[in-house]
Amino acid sequence: MAKFNGFSGDYSGLSAREVDERQQQYGSNELQPEKKATLLGKLVNVLKEPMFLLLFGTALLYFILGEPTDGFIMLGFVSFMAGINLFQEWRTDRTLQELKDMSSPKVRVIRDERLYQIGSRELTVGDLMIIEEGEKIAADGSVTEMFDLGIDESTLTGESDVVWKKIELSGEENEAHWKRNRVYAGTTVTQGTAIITVTAIGKDSEFGKIGHDIMMAPDRPTPLEKQVRRLIRVCGLLGLVMLLLVVGITLMHGAGIINSILAGVTLAMAIIPEEFPVILTVFLAMGAWRLARKKSLVRRMPSVETLGAVSVLCVDKTGTLTKNRMEVQALSPFDGMSDAELLHWSVLACETEPYDPMEKAILARAVASGIDVKNVFERQLVHEYPFSSE
């Protein structure tokens, strides 16, 4: 047994054999991996859209009618539009993967009476995980030992207030879903440090359950895709009707069967709007490019039109419409103290490298008021009082 980072308890953690057994039992600490489509699969998904199928049919008719030049031009349009769609999806997927790799946290764990730093993916149930201010928690767990542990759980609950953790709960607190003696994956430590016994990882964590529900959501066509498919059906039906009418009328006037069919096919092709999908794809690509300049990633281009058609947007306020950042709005000095004195003592009560949003707000107001915060923090620290209700 050994002590770590000033904690009072003796800890040994899991052995290497126990880690292997539990990783085989519980798997890796990651959300259910999304099945990535291959390049061929993405190409098939793009080309099976009704508009592309209609253009393929048009190109085939051109070849049948002995107009290979027009047929190749039509195939060129199809290749151009499919290329734009594939490039947009590839660029967005690559950026999202890079962001995912950058945000993959490292975790400090106690194993075999030693402290190790491992990737969060290697974490398993039963591990003793050490967390401290500023870290993102990688798994669900129970608080084993702590010092003034405050957690920002807004990613799960939507509440921006810091949740102060405890080891023992009262009767009423045990009834709550989000328990104060537990920490949850995806949340962030705002203050303090603790040793956590991991109880759930990956898709079994509360954060993982939310991610699983999102992945299971059905993929429905966008309004634009529905309208385009409706247009294709109308054009196809009109083309078929005109084809039959022209063939019938020309046959009635004594024309040969071949000439009648050629005349009907020619008129039917004239109804098909070959230019429409080209123009639509180009404009959607321009919309996706403009959104990318605003640092917004678009995975599927038809969603650009959907976003532009939104008339009512319902969102959670904290961190979405607001900046999720506190600001000092007013000062109320007590018993004749000046604003400058109040800010001076408030700065002394803050951490030198604060993570707590309230301390950040105090220091920002002090700097705006002309206080040399750097000079204040250069003084010798005599004693630090932990933030608590006492």
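Okay, let's start with a term: a residue is called buried under 20% relative accessible area, exposed over 50%, and partly exposed in between, using a 1.4 Å probe and protein chains only. With that, Trp178 is partly exposed, at a relative accessible area of 29%, while Tyr184 is buried, at 2%.

Before I go on, a word about the model. It's a predicted one, where local features need pLDDT of at least 70 and side-chain atom pairs count only at pLDDT 80 or more, though totals for chains, interfaces and linings use all residues. Residues are numbered from 1 along each chain as its sequence is written, and side-chain values use heavy atoms, with hydrogens and water left out.

So how confident is the predictor? pLDDT is its confidence in each residue, from 0 to 100. The protein has a mean of 80, and 85% of its residues reach 70 or more. For the elements, I'm using DSSP runs numbered from the N terminus: helices (H or I, at least four residues) and strands (E, at least two). Helix H2, residues 39-47, has the lowest mean pLDDT, 70, and strand E6, residues 182-183, has the highest, 92.

Back to our two aromatics. Rings of Phe, Tyr and Trp (its six-membered ring) pair if their centres lie within 6.5 Å; planes under 30 degrees apart are stacked, over 60 edge-to-face, and the rest tilted. Searching the whole structure turns up one aromatic pair. That's Trp178 with Tyr184, edge-to-face, with 5.0 Å from centre to centre and 85° between the planes.

Now look at strand E1, residues 106-111. Why do we say E1 is largely enclosed by the rest of the structure? Because five of its six residues are buried.

And what does E1 pair with? Two strands pair if DSSP finds at least two bridges between them. E1 runs antiparallel to strand E2, residues 114-119, and six bridges join them. In that pairing, Lys106 stands opposite Gly119 of E2. The two strands make a hairpin with two residues between them, and Asp112 in the turn has a positive phi of about 55°. E1 also pairs with strand E3, residues 128-132, again in the antiparallel sense, over three bridges. There, Val109 sits opposite Met129 of E3.

That's the tour: one edge-to-face ring pair, and a strand, E1, that pairs with both E2 and E3. Thanks, everyone!

Terms used: pLDDT = per-residue confidence, 0-100.
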